[in-house]
Amino acid sequence: RSGHSKPAAGLPADAQRWRPNAWHTVGFTTVNGGDSDTINVRGTARYRQMRVCVFNGPIQMRDVDVRYRNGAKQDINVRQLMRAGTCTRNIDLAGNRRDVTRVRLKYAPLARGWVRPLVRVQVR
C-alpha cells in the first residue's frame, strides 16, 4: 500500500461554495429583439460589484439600471458593443455592499436575423 489517499470526494461541492471574490450569476435573460429586459434578483445578499456578460451573439448595450431593496437606484451608462463572451467593466455598486433586487438592461434592438444573445448579471 502506498499510503496515498484519493482526492476528497467533496471537491465538486467545495468548488460550488460561495467565494467572496468570485463572480456569481444572479440572473439571466435571452434577448428577444426588443430594447430592454428586467431581471429580478432573489435573496437578501449584499454585493459590492456587478458586471453584465453576453454569450451566443453580440449586443449594443446602452444602460444598466440597478434597483436596491431600500428603494434607491443606480443608473450606469454602458454604451458599448459587446461581443459574445465579453463582459462590461466591473461596476462598483453605490454605497457599502448593496442589496440588489432588480436590474434593467437597455440595449439597441437586434437586427433581423441576429442570434439572440444570452445576457447574465454577475455580482461579487
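This is a predicted model: local features need pLDDT of at least 70, side-chain atom pairs count only at pLDDT 80 or more; totals for chains, interfaces and linings use all residues.
How many disulfides does a search of the whole structure find? The search turns up one, a disulfide being a pair of cysteine sulfur atoms within 2.5 Å. Residues are numbered from 1 along each chain as its sequence is written, and side-chain values use heavy atoms, with hydrogens and water left out.

Back to that disulfide: Cys53 and Cys87 form it, with their sulfur atoms 2.0 Å apart. The link is right-handed, with 105° about the S-S bond. It joins distant parts of the chain, since Cys53 sits in strand β3 (residues 49–55) and Cys87 in strand β6 (residues 86–87), 34 residues apart. Strands here are DSSP runs of E with at least two residues, helices are runs of H or I with at least four, and both are numbered from the N terminus. Buried stands for under 20% relative accessible area, exposed for over 50%, and partly exposed for anything in between (1.4 Å probe, protein chains only).

As for the overall fold, the protein chain has one helix and nine strands, and along the sequence the pattern reads α-β-β-β-β-β-β-β-β-β. Of its 124 residues, 38% count as buried. The accessible surface comes to about 7900 Å², with 45% of that belonging to carbon and sulfur atoms; areas come from the Shrake-Rupley method with a 1.4 Å probe, and for residues only the protein chains shown count as cover. Among contacts (heavy atoms within 4.5 Å) with a separation of 6 or more, 75% come from residues 24 or more positions apart.

Next come the charged pairs. A salt bridge is taken as a side-chain nitrogen of Lys or Arg within 4 Å of a carboxyl oxygen of Asp or Glu, and by this rule there are three. One of them pairs Asp65 with Lys106, at 3.0 Å from N to O. Asp65 lies in strand β4 (residues 59–68) and Lys106 in strand β8 (residues 100–107), so this pair ties together parts that are 41 residues apart in sequence. Asp65 is buried at 5% relative accessibility, while Lys106 is partly exposed at 25%.

Another salt bridge brings Arg69 and Asp99 together at 2.8 Å, N to O. This pair also links distant parts of the chain, 30 residues apart: Arg69 is in the loop between β4 and β5 (73–82), and Asp99 in the loop between β7 (91–92) and β8. Here Asp99 is buried at 8%, and Arg69 is partly exposed at 46%. Asp75 and Arg67 form a salt bridge too, their closest N and O atoms being 3.2 Å apart. Both ends count as partly exposed, Asp75 at 48% and Arg67 at 21%.

Finally, there is Ser36, in strand β2 (residues 36–40) and partly exposed at 23%. Leaving aside residues up to four places away in sequence, Ser36 touches Arg104, Leu105, Lys106 and Tyr107. With Arg104, the Ser36 side chain makes a side-chain polar contact of 3.2 Å. Such a contact is a pair of N or O atoms within 3.5 Å; within protein, one must be able to donate a hydrogen and the other to accept it, and residues adjacent in sequence count only if both atoms are side-chain atoms.
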